[in-house]
Amino acid sequence: MEHVIKCQLMSYLLEHKLISKKQHAFLIHHSTISNLLESTRDWTIALSSKQYVDTIFVDYQRAFDSIVHSKLQAKLRCFGITDKLLSWLSAFLSNRSQQVVIENVMSNLMPVVSGIIQGSVLGPILFILFINDISSIINSPVELQLFADDLKLYTNFTVPHDSSSQTNPLQLTLDLVYSYSVDWQLTINISKCSCTRFFSNSTSTINQPDYNINGLPLSTCNTTRDLGVLTDSRLSYSKHIDQITAKANQRVAVLFRGFQCRRPHFLCKAYITYVRPLLEYASVVWSPSLKKHIDQIERVQRQFTKRIPALADLSLSYLERLNRLNLESLERRRLNFDLCYYYKILNNLTSHNPADFFAFHHPPASLRNNTPLLKKPTNYSKSILSSFRFRAVNCWNNLSDQLKQCNSLPVFKKHLKMLNLDSFLYGSCYTNNILNSTLFS
C-alpha cells in the first residue's frame, strides 16, 4: 500500500516540479554523487577565478524523529495533498507506539508523538517534503545543496570580509536557517556544524572564517567530510585517498585472517564485496590525477592478488594476475565510471544540466564527422583540469560516434569494456615512466 501511494505521489510531485532541485536524496537520478558533483563544480569555478569559497555544513539533530505531525500535515496541504490521501497519511503517522527490547526484556509502550517512521517506504518522501521549503529562504549569492537533512551553504568572494558582520550574506542566510529551524522545531546540532574556507594554490591564505549560529561560534576546519568524502581547503583529496587505502588494507588483512578458504574465485568475491567498494565510492568526484595517488590506490589490489596462493608462484605481472582473476585495474574502472557518468549527463539520465558541466565544440555540418565534441580549457591550473568536468574529455572525444550514441547505458557499458583505453591510463602498471608525473605533464 505504501509503495502504491509513493509511486502516485512522486509522479504528481515530479510532474508539477514541486520538489526543490537542490534536494538529492530519495529521488530518481539523484544521489550523493550528484550532490557532491554540483557543489564541487561550483567550488572549482570559483577557485579557477582565484576566489575564496566559504562553506558551512549544517547538522540537524535527530531530524527524522523531530517532525511534528500537525506541521507536516500543514505542509502536505501546501503541496495539494488533501482529502482522503491526507487523511490516510495522517492515520499512517498517528496512534503509534514504541518500546525498547534488551535481552528479551521489553520496556513499557510509549506513544510516538513526533517523527516519521524510519525504515518505511513513505518515511523518506515525507521528510524531504517537510524540509523542501528551506530552499525558498536561500537567496543569491548564497547557494545550498541538500541530501535529506544534510545541508550545505556556500558563497564565493574575492575580497576578504568580516564573517560575523551584519552585511555578510552567508551569515545572514545562516540566521534565516536558524529561524526557519526554530519555527519548524528542527534542532540544529551546533557542536557538529562546521565551516571550511576553500581557496586555490594561487591565492594567498587569509584569516579563518568566523560564523555563528544563535551567537554560538562554529568550528572551522581545513579538512571536512562531505557525504563520506574527505576534502581539504585546497580541494585536494589526498587525505581521503590515505584514509580509504588504509581501511581497504585492513579489510584485506581481515579477509585473509578470517577465511580459511584460499580458492581464487572465493577470495575475489570477498574482495569485490568487502574491499573494493571502499576504494570506489564516489570516485567520479575525487578520482586522482597524480601518479603517486593512482599507484597508492592500485597497490591495495596489487597486494591482494599477490597473496592468493594459486598465483603466488607463477611469476605473473600484475595485469596478468588480473586477467587470470577476471578483474580490471582500479584505474581503468575509475575511467569507466567517469565515461559512464559523462554518458548519463549528456543523455539526461541525471539531474544535471549538460551545459553546466561541459562546453561543446560543434564541427561544421559539411564535415562527415560533425558530432559535437567536448572542449577543455587551456588556461586553468592542473588541479582544476583534473576535476570531473575535464579529466576524461580527451578519452570521451576519442570514443566512436556509434558508441556515444548507444541507446541505453547498459549497452554503452558493455561496448566500453571491449575497448583498449590503455593510452589514457597513467599508473605504473601501464607505463614505464618512473617519474612522479601528473596526468597533464
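Reader: Hi! How many disulfides does the structure hold?
Author: Zero disulfides, where the term is a pair of cysteine sulfur atoms within 2.5 Å. This is a predicted model, where local features need pLDDT of at least 70, side-chain atom pairs count only at pLDDT 80 or more, and totals for chains, interfaces and linings use all residues. Residues are numbered from 1 along each chain as its sequence is written, and side-chain values use heavy atoms, leaving out hydrogens and water.

Reader: OK, new topic. How many aromatic pairs are there?
Author: The structure holds 18. Rings of Phe, Tyr and Trp (its six-membered ring) pair if their centres lie within 6.5 Å; planes under 30 degrees apart count as stacked, over 60 as edge-to-face and the rest as tilted. One of them is Tyr342 with Trp396, tilted, with centres 6.2 Å apart and planes at 55°.

Reader: Is Tyr342 buried or exposed?
Author: Buried, at a relative accessible area of 0%. Buried means under 20% relative accessible area, exposed over 50%, partly exposed in between (1.4 Å probe, protein chains only). Trp396 is buried too, at 4%.

Reader: Nice. And what about Phe357 and Phe388?
Author: That pair is edge-to-face, 6.2 Å centre to centre with 80° between the planes, and both residues are buried.

Reader: Which residues do ring pairs link into a cluster?
Author: Tyr341, Tyr342, Tyr343, Phe357, Phe358, Phe388, Trp396 and Phe412.
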